[in-house]
Amino acid sequence: MIAEIAGRSIADGPRGVRRAPDLADNAVLVARELLSPTVARLVVRPDAGVGSFVAGQYLALGVRVDDRVVQRPYSTASDPAAADAHEFLVRRVPDGALTPRLWALPVGSRVRLGPPKGAFILVAGDQRPHLFVATGTGLAPFLAMLRTLARRPNPPRTVLLHGAARTEDLVCGDEIAALAAGGLPMTYVPTISRPDDPANRGWRGLTGRAEMVLPSVLRSADLPPGGLAAYLCGNPGMVAAAEIALLAGGVAPGDIHAERYWTAPGDMSAPSRTLDSDRA
Amino acid sequence: MAFVIAAPCIDHLDQACVAVCPVDCISHDPAADRKAYIDPEGCIECGACESACPQGAIMLDRRLPPAWAAFAEIDRGWWIDPEWARDAVDAQAA
């Protein structure tokens, strides 16, 4: 496999103890609120302050396990202009490497928070109608975007289509309602993909997967395909199908911004982040 | 499993991968290294680095062609013994 060089045998392999990357704890878990049986809002305050970031970006959140830091990237839901901490929506994955630990971590514990990253960002100055499509905790970056839009003197009309399997996962309804009540010209359209699930008994709203109801939402909201900015975040299946639907409906490719929360099996295309797929 | 930085990175070190890695598991010593290295214990296999690399140097370890198979061990080894890894990179580049 590896050649031998005179004076030293590379074949003997490396010698020594693994040097972990310099990922020191640099933040504090200041709050954890259960929003549903499987989704929590985690609030993390960096030691050095929040710093500059753009709505839509993500940060790596990690906890120390033995001699290494287990990290996963999560979109921040915080308002870039007003945040003193980062707010994340995190789904607990029962056999995951990180989320069970985040659930068990005492509030006040030290954690690792990476710098803001990502190109899935709210484009500044775009006054065209905005379409946000989220599944599950993919709502998080749109909370940041909505909070940013709410600060504009003349915010664009926005439709937020939020899909979930169960009504309990349509989290943050109060925050969304407050943004609309505060004057943001937005329409919130929740949809449930498993209307026959007993957990959804009593649901009288829209049913169907987000990408399936998207065309009807575009029509009923009177969103002009040729003049809107579309943002998609969450399940890669939804993102792929929604992209196709939007392109077929006349939305320009450059007007579609996408963030896949995990890599679909066999997907060799554009990069994605591993978020909800918290593997052990 | 993890992504690995293979031969095309040698003496290029574009570092586009470093900027896009969501968990900062890519590193190198600018004064001593000819390529960058991915920490297999930190890699979450998101693939952002693979898409960002202009040299096509990055791929999943299980997809490395035979000629580059050694780079999986080299990336892992850099985090233990950088000098060993540098010697191994030199041997690959020879």
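**Two chains in a predicted model**

Q: How much of chain B counts as buried?
A: Of its 94 residues, 49% count as buried. As for contacts in chain B with a separation of 6 or more, 68% are between residues 24 or more positions apart.

Q: Which elements make up chain B, and in what order?
A: Chain B has four helices and four strands. From the N terminus on, they run β-α-β-β-α-β-α-α.

Q: How many residues of chain B are in contact with chain A?
A: 26 residues of chain B are in contact with 29 residues of chain A. On the side of chain B that touches chain A, the elements giving two or more residues are α2 (48-52), α3 (70-78) and α4 (82-93) of chain B.

Q: Which of them gives the most?
A: That is α4(B), with five residues.

Q: What classes of residue are on that side of chain B?
A: The side of chain B that touches chain A has 14 nonpolar, five polar and seven charged residues.

Q: Turning to chain A, how is it divided?
A: Chain A is divided into domain 1 (27-113) and domain 2 (130-260). The C-alpha centres of these two domains lie 23 Å apart. Their contact takes 17 residues from domain 1 of chain A and 14 residues from domain 2 of chain A.

Q: Where does the largest share of the domain 1 side come from?
A: Strand β5 (residues 86-91) of chain A provides the largest share, four residues. By class, the domain 1 side that touches domain 2 of chain A has 10 nonpolar, five polar and two charged residues.

Q: What sheet does chain A have, and what is its strand order?
A: Six strands of chain A form an open sheet, with antiparallel pairing, in the order β4-β3-β6-β1-β2-β5.

Q: Why is one side of β4 and of β5 left without a neighbour in the sheet?
A: β4 (68-75) and β5 of chain A stand at the edges and each has a single partner strand, so one side of each is left without a neighbour in the sheet. On average, neighbouring strands of this sheet are turned by 40 degrees against each other, direction ignored.

Q: How many bridges pair β2 with β5 in chain A?
A: Strand β2 (residues 39-46) of chain A and β5(A) pair over six bridges, in the antiparallel sense. Val44(A) has His86(A), in β5(A), as its bridge partner.

Notes. Residues numbered from 1 in each chain as written. Chains lettered and ligands numbered in written order. Predicted model: local features only at pLDDT ≥ 70, side-chain atom pairs only at ≥ 80, totals over all residues. Domains from an automatic or database assignment. Contact = placed C-beta atoms within 7 Å. Nonpolar A, V, L, I, M, F, W, Y, C, P; charged D, E, K, R; others polar. Buried ≥ 20, exposed ≤ 12 C-beta atoms within 10 Å, placed from the backbone. Pairing = 2+ DSSP bridges. Axes fitted to C-alpha atoms, helices over the stretch in contact; angles between N-to-C directions.
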